[in-house]
Amino acid sequence: MTDAPHLLTEVDGPIAIIRINRPKVLNALNLDLMKDLADLMEQYDADDSIVVMLLAGGERAWAAGADIGDMATASAQDMRDRDQFAQWERIKAVRKPIVAAVSGFALGGGCELMMHCDIIVCSDTAKIGQPEINIGVMPGAGGTQRLTRAVGKAIAMDVVLGGRFLSAAEAMQHGLVSRVVPREHWYTEALAVARKLATMPPVALRAAKASVLNAEEDHLSGGLVEERRLFMDLFDTEDQKEGMAAFMEKRRPNFKGC
């Protein structure tokens, strides 16, 4: 795949690695970047050789928000016409696990992009927030919804209405991130997580991700029905037969993704 100037990519076996690369503006997310990111993720999602994606920023900033220059003079109709949130919906629809390697600022759209990922490995230097209120607007790519589901109403109101940043420790305490590690390990730990996931059965990974995400959006009884359907469907996969046989035979499984 050809790198966009603001996204760097590499493939490490079954892991697709994407790095946000706009360091001069702290990895601010503009329309072109989001479209290219959605394009890349969809391509990797359709590639049978890829099991997991790793999305990283830089040490100083994961992404410090949307590119305000893209929208400072826009009208409400301009914002409706550009339909920028379509790209976010495309990323939400990615079936394969996405591991986030987060360090530094994860603000506004950066926080929202982080919350679109499935396992979030965070540097202890990270600052996480939704400061849109300070420039006269509010979150628009899921910040009020996903943040509230993760941390609860009280903390979400403090962050969204008051513009307060959460430290990495606070984000971990409130269930917003998966792991917090020292700054020097933020990327290597995320890569280790991605490599661990890459050893898992791919079909089961996609089904499990879908079921967990469904828990955020469905009521319990409906979520349980869908979970059971996905669970039973996996018994028609070769990976299920191989995984259980390997367990019984006390050996490592050889998953093939089918």
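Trainee: Is Phe 231 buried or exposed?
Mentor: This is a predicted model, where local features need pLDDT of at least 70 and side-chain atom pairs count only at pLDDT 80 or more, while totals for chains, interfaces and linings use all residues. Residues are numbered from 1 along each chain as its sequence is written, and side-chain values use heavy atoms, leaving out hydrogens and water. A residue is buried under 20% relative accessible area, exposed over 50% and partly exposed in between (1.4 Å probe, protein chains only). Phe 231 has a relative accessibility of 52%, so Phe 231 counts as exposed.

Trainee: How many aromatic pairs does a search of the whole structure find?
Mentor: Rings of Phe, Tyr and Trp (its six-membered ring) pair if their centres lie within 6.5 Å; planes under 30 degrees apart are stacked, over 60 edge-to-face, and the rest tilted. With this rule, the number of aromatic pairs found in the whole structure is 2.

Trainee: What is the angle between the planes of Trp 186 and Tyr 187?
Mentor: Trp 186 is buried at 8% relative accessible area, and Tyr 187 is buried at 16%. Their rings lie 6.0 Å apart, centre to centre, in an edge-to-face pair, and the angle between the planes is 75 degrees.

Trainee: Why is the pair of Phe 231 and Phe 235 called edge-to-face?
Mentor: Phe 235 is partly exposed, with a relative accessibility of 32%. The ring centres of Phe 231 and Phe 235 are 5.2 Å apart, and the pair is edge-to-face because the planes stand at 65 degrees.

Trainee: Which residue lies over the face of Tyr 187?
Mentor: A charge sits over a ring if NZ of Lys or CZ of Arg is within 6 Å of the ring centre and within 35 degrees of the ring normal. For Tyr 187, the distance from the ring centre is 4.4 Å, and the residue is Arg 19.

Trainee: Which residue of E10 is the bridge partner of Cys 122?
Mentor: Strand E7 (residues 119-123) runs parallel to E10, joined by 3 bridges. Within E10, the partner of Cys 122 is Val 180.

Trainee: Which residue in the hairpin of E1 and E2 takes a positive phi?
Mentor: E1 and E2 pair in the antiparallel sense over 6 bridges, and Asp 12 has Ile 15 in E2 as bridge partner. The hairpin has 2 residues between the strands, and the one with a phi near 60 degrees is Gly 13.

Trainee: Asn 27 lies in the loop between E2 and H1; what is its phi?
Mentor: Most residues other than glycine have a negative phi. Asn 27, buried at 4% relative accessibility, is not a glycine, yet its phi is positive, at about 60 degrees.

Key
Two strands pair if DSSP finds at least two bridges between them. Helices (H or I, at least four residues) and strands (E, at least two) are DSSP runs, numbered from the N terminus.
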